[in-house]
Amino acid sequence: MDILTLLIVIPVLTVIGILFCKDNKQVRVVSAIGMSIQLIQSIIVVLMYFAERKAGNTSEMVFTQTYMWFSSLNIKYAIGIDGISAVMILLTGIIIFTGVFASWNVKDLSKEFFISLILLATGVFGFFISLDMFTMFLFYEVAVIPMYLLIGIWGSGPKEYSAMKLTLMLMGGSALLLVGLLGIYFNSNPAGGELTWNILEIAKVKIPIEAQRLFFPLTFVGFGVLGALFPFHTWSPDGHASAPTAVSMLHAGVLMKLGGYGCFRIAMFLMPEAANEMGWIFIILTATSVVYGAFGAVVQKDLKYINAYSSVSHCGLVLFAVLMMNKTAMDGAIMQMISHGLMTALFFALIGMIYGRTHTRIITQMGGLMKIMPFLSVCYVIAGLASLGLPGLSGFVAEMTIFVGSFQHVDTFHRIVTIIACSSIVITAVYILRVVGILLLGPVKNDEFLKLKDAEWHEKLTTVVLICAIAGIGLAPLWLSDTISTSLAPIIDKISSASIF
Amino acid sequence: MIDFGYTIWIPLIPILMFLFIGLTGHKYKPVISGYLGTLGLLTSAALSYYTAYQYFFNVGKVAGVYEKIIGFNVTWLRFTDTLHIDLGTLLDPISVMMLVVITTISLMVHIYSLGYMKGEKGFARFYAVLSLFSFSMLGLVLATNIFQMYIFWELVGVSSYLLISFYYEKPSAVAAGKKAFIVTRFADLGFLIGILMLSFITGTFDFKTLTDPNGAAIMQGGSAAFLGLSVMTWALLLIFIGGAGKSAMFPLHIWLPDAMEGPTPVSALIHAATMVVAGVYLVARLFTIFALSAPVALEIVGYVGGITSLFAAVIACTQNDIKRVLAFSTMSQIGYMMLALGVSGYGGEEGLGYMASMFHLFTHAMFKALLFLGAGAIIHAVHSNNMTDMGGLRKYLPWTNITFLIACLTIAGVPPLSGFWSKDEILVAAFEHNKFLFAIEFLVAGLTAFYMFRLYFNVFWGKDRHYHHAPHEAPPVMLFPLVFLAIASIFSGFIPFTSLVTSDGEAFHVGTEWIVAIPSVLIGLIGIAIAWIFYKKETAIPDKLASSFKLLYKGSLNKFYIDEIYLFVTKKIIFALISKPIAWFDRHVIDGFMNSIAFVTNFASEKIKGMQSGQLQQYAYVFVSGVVILAFVFIYLLKF
C-alpha cells in the first residue's frame, strides 16, 4: 500500500480498534497509540517527500496514485502531494495527536467521542492528499459532518444552537462549492473530449473566462466560509465557544485551513483570470476580516470568543495573502495557515485546561492565575506572544512574509490595503495583553482558585509539543519557507500567466 | 586580518543563559541563577572589549577610514531573491561602541542586582529575562540589515514588557507593562511600514547597501513624491516613528515614566542606558540616507528631539518621585541626542552633530545608569520612591552620596567631567546649524542642572526624616558598580570620539568653542546655585514660585495631561466607538442576518408542513377539491 493511503487507513483502523474497547481507559490508550502512529506516519511522509525531492524528482506532485472508482463520471481516487500538502499533513498530524491528549478527561460516551474526532481527522488527511476534486469534496464533507455531533453532544453552553448554526453555515458553503466544482468539471475540457476532476489536468487547460467569472466567486466563497471570510464568519465564535476542547483545536487548527487551502488550490489555481479580475472585491473583504476580527476581539469577555475573533483576523490574513497572487505572499499564506493552526490549537487547549479547573471562561471572573498555575500561564503567555507576532515564534515569520510579499505588489491599491492589514499587529497586541493582564497577572481574585492544581502530564505533553512546533518554525523558518516556495513555483507560473499588468 | 566570526557569540551566550535559567531555574537555589547570568554577561563583555580593541586599534581602519565589517552572516528567511532576512553581526564604529556600552552597563546591573534583588520572589526569572534582554539588545546593535533590527527591536520590547511587569501581582506594574508594550508597538507599526516602503524603493534590507553614500539606494531618494515630500522621506519618517516610540520622544513618551514600576536595576539598564537609545541608534544607523536623500526628515528628527528635551526637562522640575525625575531626565537627554543628529551633516566636520550624538549616548549611558543605580541604593535604604520621604541621607549613605553627586555634576555639564565634553559638542553643532534649537538646548542645560540638584539636595541634604530604622549603606556588591560607573562618568569624556566614531568613518579635528562652552557651563552653575538656594535647607521659595506660576506648575506636575489624552483616545474612541460597536454589529447585524435566514426557512416550513400530514382523508379531500376546481376552470373559464 502506498504511504499516502496509509494516512487514511491508520485512523480508520484506530476507529475500528476503538469499537472493540471496553472502558474509557482502553479507548484513550487505543486513540493515543493510533494517533501517535499517525503522527509518526506524517513525519515519515514529509521526510520521504524531502528524500524524493533530493533524489531529483521535480514533478509537481509526488507519490501519485490513481484508481477509478466511479467511471461514468470519471471520478477517481487520485492522490499525491507537493511541499504544501506535505506540511499541511504534518500540521494535521501534530494537532490530532495533541487533541487526543487534550481530551484525556472526556468521560461521557468517550467511545463515540473519539470515533467522531478521529473520523474528522481522517477527512482532513484525505482532503490534503486528494488531487481529484470530487474525492476532495467527499473528504471535506467527511470532515465537516462529525463536527455537528461533537459540538451538539459534548459541547457546552447553547450547544445545539451552535452546532446547528455551524453545520448549516458550512453546508451552505458546501452547496456553493458543489456548484462551483461541477462548473469547473463541465468546463474542464473546453476543446472537447473527456471531462475530468483531476486538478493537475484541469490546470493544463484554460477554463473559458465566462465560466470562470461565474464559478470563481462560488468556489472562493464556498471555501471562504470555512476560512471565516467576512461576512460569513459568524459560525466561528459560537461554534468555537460551544465546542469541546479538542474539537475547537481541530476545527480552528486544521479545519479552517481546508478553506484557505481550497481557495488557493482550486479557486486561484484553476481560475486565475477571474481571480485577477475579481480579486479586489475579496481583498477588501479579507482586509476587513483582518481588522474587524481584531477589533471584535478587543472587547470580548469570554476566552473562546476572544480566540474565535482572533482566528477570524488571522485566517483573514491567509485569504488576503492568497489573493495577492505573488509567490512571497502565497508562501506567507501557507505559513500563516500552519502557524495559526499550531498557535490557535495551543490557545484552545489551554483555554480548555483553564476552564476545566475554574469552570468559567469569563476573564473578569479570574485573575492572578500566574501564581496558581504557573506552567499553564507561561504557556498561555507564549501562545499570546506567538499570536501577536513576536520574532522567534511562528506568527512573526508568517505575517512578515505576507506583508513583505503583498507590499511588493506593483499595484498601489494592494500596497495601501497591505498597510491597513498591517495595523492589525497593534490591535492584536492590545487584546492579547488585555487578556494576559486580566487573566494571568494581577492579584488572585477568587480564593477558591488557590486550591487548583497546575498541569498534569498529558496536558504538559499537549502544550509542550505545540510550543516546540511553534518555536521550531519561528527560530528556523527557512526550511519551511523554501519547501513551500519551491512547490509554489508551478502554481505561480500558471497564475502569473493570467495577470495582465 | 582577524576573523570576526566569533562576534556571534556575544549575543548568543546571554540567550543560552536565558534558556538554561528559564528551563532549570526552579531546580536550584535562586542565587545560582544570578551567578550564571552574571558569568554569561562577563564573557560577553570580555568578548566585546576584545572586539572593540581589535576593531578600533588593529583592523577596522583601512586607509584612514573605519569600514563596515560583516563578522557573521546567515540567511534566516528568504522572501524574494533580493529581499531576505539575514542574521549576523555588522561591525562598524557605532555598533562596536554600543557593544561596549551595553555589555558594561548590563554587567554592572547584573552585579548590582545580586544585592538589590536578593530574596525577591522570582529572582531566577529576573536573571533569565535580564539575559534575554541583553541578547536582544546586542542583536539589535549588531544587525546587518534593517529587518534583523526589527526582529530584535520587537524582542527588546517584549523583554522590557516582562521586566516592567516583573512584580506581576501589582496591578500598576501590569498596567505599566501593557502601556509600554502597546505604545511602542504602535510606533513599531510605523517602523514596519517604513521598512516595507524603504525595501520597495531600494529593493534591499541590507544596511551596507542602504547606507553606501555612493550606492544606488541613496540615489533613489528624489523619486516619486507624495504630499510634497519624496517617498523616501516618508519611509524614513515612518521608520523614525518607530525610533521615537522606543526612545520615548514626544508625543510617544508616555510609557517611559510608568515603566519605572519595574525594579530599579531594570530602569537603569533598559530605560536609561540601552533600550531607550535604540531610536537614536536607528537614526544613526540610517544616517547616511537621512542626510543625503531626505534632509527634511532629518530636520524633523532634530525638532522632535529639541521639543522633547525641553518638554521633559520642564516636567522633571516638579516631579516628586525620584525615579520619575530620572525618567524625564532620560527623555530630555535622549532629546539632546536626537537633536544632535538632526543638526548634523554628512562627512568630515559637517558630521559634528553625529559624532556628538554618539559621544553623548556613551557618556549618558554611564552617568544615567549611575544615577539610577544610586537611586536604587536610596530606595533600598528608605523603602520609598518619594522625595518627600527623604532628606539628610548623606550621613547614612556616604558612598552613594559621593557617587550620586559625581553623576549630578556630570549631567549638569561641569568640566572636566564627561557630560561637559559631550554636551558641549552638541551645543556647538546646534549653534552652527540652527540657532533656534541651540537656544532651546541652552535653556535645557540650565533646567537640567536645576532639577538634578533639586533632587540631590532634597535627598541628601535638607532635614532628617523620621525613618523607621536608620537607613543603611548598600552592600559592597551594590557599591562596586556605583564606584565603577562613577569613574567611567568622570573619565569617559576623554575618549577621542572625533577620531573613532564619525559619520563617514574618517577622523576630523575640532577645537573647543569657548563662545559656546563658557556660557553653557555658566548656565549649568546657575541652575545648581538656584537649586542650592531653594532646596539646601527647606525654604518657602519653591512653594511661592509654584503658586505664582500656578498654571505652568500644575501642567508640569500633571505631565501636561498627555496621559489623559491618550486615555481618552483609547478608552473613549477605540474601545467605545470602534470595538464595542463592531462587536455589537457582528452579533446583531451580521449574525442576526444569518439567523434570520434560518428563521425564515424555519417559519416557512412550519407554515407549509401541514401539507405533509400523512392523513389519507386530507390528501383525498385536497385531491378531489383540486379536480373539481380544475374541472371548473377548464370548463367554464377556458371554455374547452
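**Notes on a two-chain predicted model**

1. Let's start with chain B, whose secondary structure comes to 26 helices and six strands. Here helices (H or I, at least four residues) and strands (E, at least two) are DSSP runs, numbered from the N terminus. This is a predicted model, in which local features need pLDDT of at least 70, side-chain atom pairs count only at pLDDT 80 or more, and totals for chains, interfaces and linings use all residues. Residues are numbered from 1 along each chain as its sequence is written, while chains are lettered from A and ligands numbered from 1 in the order in which they are written.

2. The C-alpha trace of chain B spans about 120 × 65 × 60 Å along its principal axes. Of its 640 residues, 56% count as buried; that label takes 20 or more other C-beta atoms within 10 Å of a residue's own, exposed takes 12 or fewer, and partly exposed lies in between, with C-beta atoms placed from the backbone.

3. Now look at where the chains meet. The contact takes 37 residues from chain B and 41 residues from chain A, two residues being in contact if their C-beta atoms, placed from the backbone, lie within 7 Å. On the chain B side, helix 6 gives the largest share, 12 residues.

4. The largest nonpolar core has 419 residues, and A:Leu350, B:Leu236, B:Val283, B:Met358 and B:Ala369 have the most contacts inside it. Such a core is a set of buried Ala, Val, Leu, Ile, Met, Phe, Trp, Tyr and Cys residues joined through C-beta atoms within 7 Å. Helix 16 (residues 352-382) of chain B contributes the largest share of this core, 21 residues. Not counting residues up to four places away in sequence, the residues that B:Ala369 touches include B:Ile105, B:Met108 and B:Leu485.

5. Two peptide bonds deserve a visit. A cis bond joins A:Phe230 and A:Pro231, with omega about 0°; A:Pro231 sits in the loop between helix 8 (209-226) and helix 9 (235-242) of chain A. In chain B, the bond from B:Phe250 to B:Pro251 is cis, with omega near 0°. Most peptide bonds are trans.

6. A:Ala228 is buried, with 29 other C-beta atoms within 10 Å. A:His359 also has a positive phi, about 60°, but is exposed, with 9 other C-beta atoms within 10 Å.
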